Amino acid sequence: MTGRVVRNTGSHYMVESLTDGNEIPCKIKGNFRIKGIRTTNPVAVGDIVEVAEPGPDGTAFITSIHSRRNYIIRKASNLSKEAHIIAANIDCAMLVVTLAHPTTSTTFIDRFLATSKAYDIDAVLCVNKTDLLTEPEDSEYLNAFCYLYRSIGYKVLEISAKTGEGLEKLRKCLQGKTTLLSGNSGVGKSTLVNDLIPGLELRTAEISTVHDTGMHTTTFSELFHLPGGGSIIDTPGVRGFGTVDFDRNEVAHFFPEIFEIGHDCRFGNCTHTHEPGCAVLAALDEARIAQSRYNSYLSILEDADEGKYRKGY
């Protein structure tokens, strides 16, 4: 049977048949885990797989994975492995962020966007909890944030899962696509999914009043079908986004504004860190490149210096 992985709990998988839509609980054999695979999860939600006939207990084994159209990964928290595949075969990567309660760091945002760019996946920013931005300075920051990323070329949605503001635009953005939904814990992903799919009732949790951070409510990745077409892959909240598979000489390619301005640098192999005649450093001085974006660029260069890129997955 050919199917699509719609749930991954770490050791067990749920596979949806591409023929009749029935779901079959599956496992993978031990040698499948390590055969040429350098990730914590050789099978990811969104993968198209072949499944053998179920055994007496109703559980089947995944026997092979079809070639992926694309995938998106981040550095794994498990230090014994290189990376964790977040999702495979997606049309869009949507990052849900909040500018308050909790605050999503721009470094996290830029690392996500750069990784999406590296894997040639369209990325969208979804700013949730706009109802909390009630002070004039909050509105100014929201406008500046949205202007920055829109000027670079990214689509930015401003929404409130609590009031319903912007939800219709979000639904239109998701329609007919398979979209990865990612973000820090506490940004309201589960609440959004509940709004998008009535009756689903994913568990939500309150924000920690001590640390102003979210508590994990989604514990594993799962694909949900949207009313009217399309699907979303909901993932557990993450605190950091480590990059992998980045060549130091290519990092600038994944920051559109740095890449464009970099064409005017004196040297073709300019790293935009210290070289004379660097157009990027000049643009930074003239505020034509945001300091936050440049800091994120430098942080990924540091990842690349670790020598943990260009390995097989």
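**Notebook: helix α4 and the cores**

I started at helix α4 and looked at the face turned away from its buried side, which carries the exposed residues Lys-169 and Lys-172. Exposed means over 50% relative accessible area, buried under 20%, and partly exposed in between (1.4 Å probe, protein chains only). Helices (H or I, at least four residues) and strands (E, at least two) are DSSP runs, numbered from the N terminus.

The model is predicted: local features need pLDDT of at least 70, side-chain atom pairs count only at pLDDT 80 or more, and totals for chains, interfaces and linings use all residues. Residues are numbered from 1 along each chain as its sequence is written, and side-chain values use heavy atoms, with hydrogens and water left out.

Next I checked the buried side of α4 (residues 167-174). Leu-167, Leu-170, Cys-173 and Leu-174 are buried there. Seen down the axis, the buried residues of α4 fall within an arc of 115° (directions from the helix axis to the C-beta atoms), so they line one face of the helix. I then looked up their cover, which includes β8 (92-97), β9 (122-127) and α5 (189-196). Gly-176 follows α4 and has a positive phi, near 75°.

Then I turned to the cores. A nonpolar core is a set of buried Ala, Val, Leu, Ile, Met, Phe, Trp, Tyr and Cys residues joined through side-chain atoms within 4.5 Å. The largest has 47 residues. Ile-62, Leu-125, Phe-145, Tyr-149 and Leu-180 have the most contacts inside it. Helix α3 (residues 136-152) gives the largest share of this core, five residues. Another core, of 21 residues, lies apart from it and includes Leu-167.

Conventions: Contact means heavy atoms within 4.5 Å.
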